[in-house]
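Student: I'd like to go through this fold with you, starting with the sheet and then the aromatic rings. Can we look at it together?

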Amino acid sequence: MAREKYDVAIPDLSGKRAVVTGASDGIGFGIATMLAGAGAEVVLPVRNRRKGEVAVAKIREQHPDAILVLRDMDLSSLSSVAALGEQLRADGSPIHFLVNNAGVMTPPERQTTSDGFELQFGTNHLGHFAFTGHLLSLLRAGQARVTTQSSVAARSAEINWEDLNWERKYDGMRSYRQSKLACGLFGLELSRLSRAAGWGITSNISHPGVAPTSLLSARPEIGRTDDTMQVRIIRWLSARGIIAGNVDSAKLPAVMAAVAPESRDGGFYGPQGPGRVGGPPGEQKLWKPLRDNDSASRLWEVSEDLTGVSYG
């Protein structure tokens with residue numbers, strides 16, 4: 001079955017600086033490639049330097065004049081996040097676009113970050129919360145757009161306030177849902193706080209739908225030695241153009257949210273097909289858990305306390 005091609009109109013980004021987390025493969029690589037192709041200087045913070053070098057080479061194969069900056073950062077380490085924040089502030093270059101895209105999904109057993117947080121909550125949410133906070137002065141200088149990736153998993157998620165780090169009873173999928181809901185609540189609260197404080201930053205959220213990325217593939221570094229059954233099914237559906245998207249389509253909602261002229265502060269962008277798991281990108285209504293402003297405010301305070309990063 002032939003798959004319909006989708007795209008997003010991107011303006012000329014020459015002279016702009018973008019930062020994309022998780023850009024060494026998958027959706028993040030696709031986002032970084034599109035922004036670099038539009039002329040932006042793209043900073044790629046990566047945990048695996050070798051994968052990052054391969055990604056840079058592949059982007060330059062498509063865009064020989066691409067301006068790419070490879071930096072080391074492990075989102076599961078707050079000291080690593082702070083170190084890159086310090087490096088980028090020392091550079092002094094304003095940041096115009098930040099795409100908080102990187103993530104980890106459903107380790108078979110509970111794992112923790114180097115700071116003792118449950119791995120998914122600590123990496124997907126707290127790492128990005130801290131990173132964005134460390135870059136605040138550069139984001140303000142660039143009047144930046146911040147786009148944070150949530151997930152279809154957030155649609156049925158809740159924050160486990162009594163046990164944020166899942167120490168009592170670990171459930172990998174529920175923990176993943178919490179982390180991606182937290183990402184969404186963070187992006188929306190950042191929008192509200194920026195407007196209230198006059199930071200000049202706009203912030204929105206996106207989700208990629210369902211696509212055969214590496215999130216559910218074999219990941220020895222988190223204890224998953226084989227591809228999951230879920231990713232095998234998703235690959236089968238995606239290859240036949242049935243409901244699910246693919247990596248090329250899954251990158252587009254975040255690109256639209258980050259740089260398309262029609263995207264807006266506080267908006268939510270995702271695939272427009274059945275179930276919001278595939279199809280062309282567009283704006284959509286916030287899912288119910290994302291409309292809980294009280295939880296967003298509470299999570300912000302907790303996140304500042306846990307990370308030690310204050311937005312002031």
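Tutor: Some ground rules: two strands pair if DSSP finds at least two bridges between them, and strands (E, at least two residues) and helices (H or I, at least four) are DSSP runs numbered from the N terminus. This is a predicted model, where local features need pLDDT of at least 70, side-chain atom pairs count only at pLDDT 80 or more, and totals for chains, interfaces and linings use all residues. Residues are numbered from 1 along each chain as its sequence is written, and side-chain values use heavy atoms, leaving out hydrogens and water.

Student: Which strands stand at the edges of the sheet?

Tutor: The sheet is open, with mixed pairing and the order β3-β2-β1-β4-β5-β6-β7-β8. An edge strand has a single partner, so one side of it is left without a neighbour; here that goes for β3 (67-72) and β8 (281-283).

Student: Which residue in β3 stands opposite Val43?

Tutor: Strand β2 (residues 41-46) runs parallel to β3, and six bridges join them. Opposite Val43 you'll find Val69.

Student: How far apart in sequence are the parts tied together by Phe129 and Tyr311?

Tutor: Rings of Phe, Tyr and Trp (its six-membered ring) pair if their centres lie within 6.5 Å; planes under 30 degrees apart are stacked, over 60 edge-to-face, the rest tilted. This pair is tilted, at 5.0 Å centre to centre and 50 degrees between the planes. Phe129 lies in helix α4 and Tyr311 in the segment after α10 (293-307), so the parts they tie together are 182 residues apart.
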